[in-house]
Amino acid sequence: MADWADGRLGIYSLAKANMRKIFPDHWSFMLGEICLYSFIIIILTGVYLTLFFHPSMNEIVYHGSYVPMHGIRMTEAYASTLEISFDVRGGLLIRQIHHWAAVIFIAGMFVHMMRVFFTGAFRKPREINWLFGFLLFVLGMFTGFTGYSLPDDLLSGTGVRFTQGAILATPVVGTYISMFLFGGEFPGHDMVARFYSIHILLLPGIMLGLVVAHLILVFYHKHTQFPGPGRTNKNVVGMPLLPVYMAKAGGFFFLVFGVIAAIAGMFTINPVWALGPYRPDQVSTGAQPDWYMGFAEGLIRVMPGWEINLWGHTLVLGVFIPLVVFGLMLVAIAVYPFIESWITGDKREHHLLDRPRNAPTRTALGVAWVTGYMVMLLGGGNDIFATHFHMSLNAITWFVRIAFFVGPVVAFIVTKRICMGLQRRDADKVLHGRESGIIKRLPHGEFVEIHEPLSQDQLYSLTAHEQYTPAEVGPSVDENGVERKVTRGQKLRAKLSKGYYGEGNQVPKPTAEEYKEITSGHGHH
Amino acid sequence: MKKLSARRRHPLAAVVVLLLALAATGGLYAAFAPASKAQADETAQSLAIDEGKKLYAVGCSSCHGTGGQGTSDGPPLVGVGSAAVDFQVGTGRMPAQQPGPQVPEKRKVYSQAEIDQLAAYVASLGAGPITPTEEQYNPEGADIAKGGELFRTNCAQCHNFTGEGGALTNGKYAPSLEGVSPKHIYEAMQTGPQNMPSFPDTTMPEQEKKDIIAYIKTVNGEETPTPGGFALGGLGPVSEGLFGWIFGLGSLIAVAVWVAAHTAKAKKS
């Protein structure tokens, strides 16, 4: 049987090449797995839901099993969602697994992306894979958004109206795009059917392709690992794919499925029956998108309602600026690997991860970005925070407005200082050993604490990272005394490089000479 | 007649005519006007008003004025009606504890009998919405679905889909409707307390108020079923997102740490 298959598929050589593929062990390397498994769960439950969902905006009068909606006019989409929730066997559970898995999937991608960012795993050769991952995150956001809109309930309808407003705010093409997308005036009769195609076919199709490509690249590049004794840029220390890693990954899939199913079984998500069908003349307070669109919601909520009226046209800056900032924030994180590699000018491959403290400026920039993101997430839920913490909505809005600019700066400075402090502590540990907590009294009465020297392994781990020297612009004249042309780009690069690796922006790691000098018998210090 | 006509140019004639006219008007008024309060009235209503006035003087007059005319600290109560008093005092909002963006609900200070007396006194200051009878607000047999539609059209923009409450500007808020009695919901709609608009019977008939009360009691009552499990406050995506991050992703990361800690290792670290 295996021979038969090998003759046709060549599985022997494939298996030989890949079965012993090594994966390193670290809990943070399993964040991507959480995403992969929740994605699979979403697809499986989504297929089940398509069997019962009617993506139609034809209006009917409801006479199903949910009594508080009897006699209400609603679209078939909403009615079939009620039917899935109350009449289809296991329907509500599957719906809740699908929705919870989506919430967790995108949160998982966010954390996975941050892990890759803060450990520098995006460096050569993994820039493309970083972009694939970024695209998956953004597509995940929009797939989630289109899915959230499908039941055509009052909450999601408000969300779509909000999005339509953002589209309309786009100068020149906004109205055309809106008319094109909704097939006429909002809400029209096409929205649900179109979003359905996008949600179940177009976006997940692209995402599935990207996931496969993402995984192939992980295989091709081999997984990164944290520095440590025996781990170099040229090897991978860990467990083979078969059988150890496969068993672990398979088990982990069921653990993820179990946790999500347990949550879905116990906690309500999006109780559409309580929300009512969408009608453009109705709205509820506390209308928010799912969390991954929350920062976009926040951007619009806290933006002052500026607008410009010119030659009979209105430019709605109050919505258009947030739309631009939304894009910029996403693009900023996407292009970061290219910016950093330009600054370092490093063309080598990196398979060993950085500890975040050893790249203080990068870590600080990442934390600043996350801070801005989280501040806007807070802005997106300003009304809920106002009622539940008994604060003024306006005060929260002003806090968010200020914190969006001040917060990242403060976060940058604080994070950088913490990283530098940790670097100094590492250097101190290398040179002077670990504080043992044992106090010794010397014959002449002095008290000293005994420092235990670190093991060779620990010493290696703490000093394995390499440190860049800042890029120089070079002399302004060449060897012949002729004025050398220094472009603006080179100057900027030198300046940024100094900010990353210059004096005061990283702590020089202890050299072997320093170590020898201190440990060469001058006694404990 | 001749004598009279002879004196019609007398300097005091105008005065005499005026006096006569006044006397006639006054006499007619005295004869036909409804019985005034000056007459001793010993009905239950008037006793309630008297008692209410005493309670009012002690508990309310410092802000609302001795005669309900209002001061800089409280609005006039002329014409607010007994329903407003029953709502404000019955939910403990009045007497207010301290000034602020909004007076919160708290434990009520007066007994229902005292509240009725206060209501009777305030109602006597000027006509206004009357405390509803049980027949008016009892939601039994009302149309829940219609109530839901009315609720989403008129109430949800401040009180949320199922009446969980919501934020207004500058620290004001639309309170949660959980556990509010049908009578108080009815009175709130009738009188429009604090920041709420009023929905008098002319714009929202009694039957529609009943429908709304029935809807609130169905979707946000003590016996409301939550088929999906714990409702997480019924607040929508914010609480769901927080829960998903902290408990969903959080427990998955905990599981990941656990799995990674139980691996076959060449060397235990």
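In the predicted model, the contact between the two chains takes 57 residues from chain A and 52 residues from chain B. On the side of chain B that touches chain A, two or more residues are given by each of helix 8 (144-154), helix 9 (156-159), strand 1 (166-167), strand 2 (173-174), helix 11 (206-219) and helix 12 (237-261) of chain B. Helix 12 of chain B gives the most to this side, with 17 residues. By residue class, the side of chain B that touches chain A divides into 28 nonpolar, 21 polar and three charged residues.

Chain A contains 19 helices and eight strands, and its C-alpha atoms fill a box of roughly 90 × 75 × 65 Å along the principal axes. Of the 525 residues in chain A, 39% are buried. Among contacts in chain A between residues at least 6 apart in sequence, 73% join residues at least 24 apart.

The largest nonpolar core comprises 145 residues. Within this core, the residues with the most contacts are Trp100(A), Ala101(A), Ile104(A), Phe105(A), Ile106(A), Ile260(A) and Val122(B). Helix 5 (residues 91-118) of chain A supplies the largest share of the core, 16 residues. Chain B also takes part, with at least three residues drawn from each of its domain 1 (44-125) and domain 2 (134-219). With residues up to four places away in sequence left out, Ile104(A) touches Ser38(A) and Ile260(A) in chain A, and Gly244(B), Gly248(B), Leu249(B) and Leu252(B) in chain B. A second, separate core has seven residues, including Ala364(A), Val367(A), Phe412(A) and Cys419(A). In soluble globular proteins, nonpolar side chains tend to be buried together.

Helix 10 (residues 241-266) of chain A was examined next. Its 26 residues should span 38 Å at 1.5 Å a residue, and its end C-alpha atoms are 35 Å apart, which agrees with that expectation. The buried residues of helix 10 of chain A are Lys248(A), Phe252(A), Val256(A), Val259(A), Ile260(A), Ile263(A) and Ala264(A). An α-helix has 3.6 residues a turn, so residues three or four places apart point the same way. The cover over the buried residues of helix 10 of chain A includes helix 3 (31-50) and helix 5 of chain A, together with helix 12 of chain B.

Elsewhere in chain A, Met293(A) lies in the loop between helix 11 (272-275) and helix 12 (294-302) of that chain. Met293(A) is buried because 24 other C-beta atoms lie within 10 Å, where 20 or more are required. Residues up to four places away in sequence aside, Met293(A) touches Met141(A) and Phe145(A). Met293(A) and Gly380(A) are 87 residues apart in sequence, and their C-alpha atoms are 8.7 Å apart in space.

Chain B is divided into domain 1 (44-125) and domain 2 (134-219). The centres of these two domains of chain B, taken over C-alpha atoms, are separated by 22 Å. Between them, 13 residues of domain 1 of chain B are in contact with 13 residues of domain 2 of chain B. The side of domain 1 of chain B that touches domain 2 of chain B consists of six nonpolar, five polar and two charged residues.

Methods: Residues are numbered from 1 along each chain as its sequence is written. Chains are lettered from A and ligands numbered from 1 in the order in which they are written. This is a predicted model: local features need pLDDT of at least 70, side-chain atom pairs count only at pLDDT 80 or more; totals for chains, interfaces and linings use all residues. A nonpolar core is a set of buried Ala, Val, Leu, Ile, Met, Phe, Trp, Tyr and Cys residues joined through C-beta atoms within 7 Å. A residue is buried if 20 or more other C-beta atoms lie within 10 Å of its own, exposed if 12 or fewer, and partly exposed in between; C-beta atoms are placed from the backbone. Helices (H or I, at least four residues) and strands (E, at least two) are DSSP runs, numbered from the N terminus. Domain bounds come from an automatic or database domain assignment. Two residues are in contact if their C-beta atoms, placed from the backbone, lie within 7 Å. Ala, Val, Leu, Ile, Met, Phe, Trp, Tyr, Cys and Pro count as nonpolar, Asp, Glu, Lys and Arg as charged, and the others, Gly among them, as polar. The expected span of a helix is 1.5 Å times one less than its number of residues.
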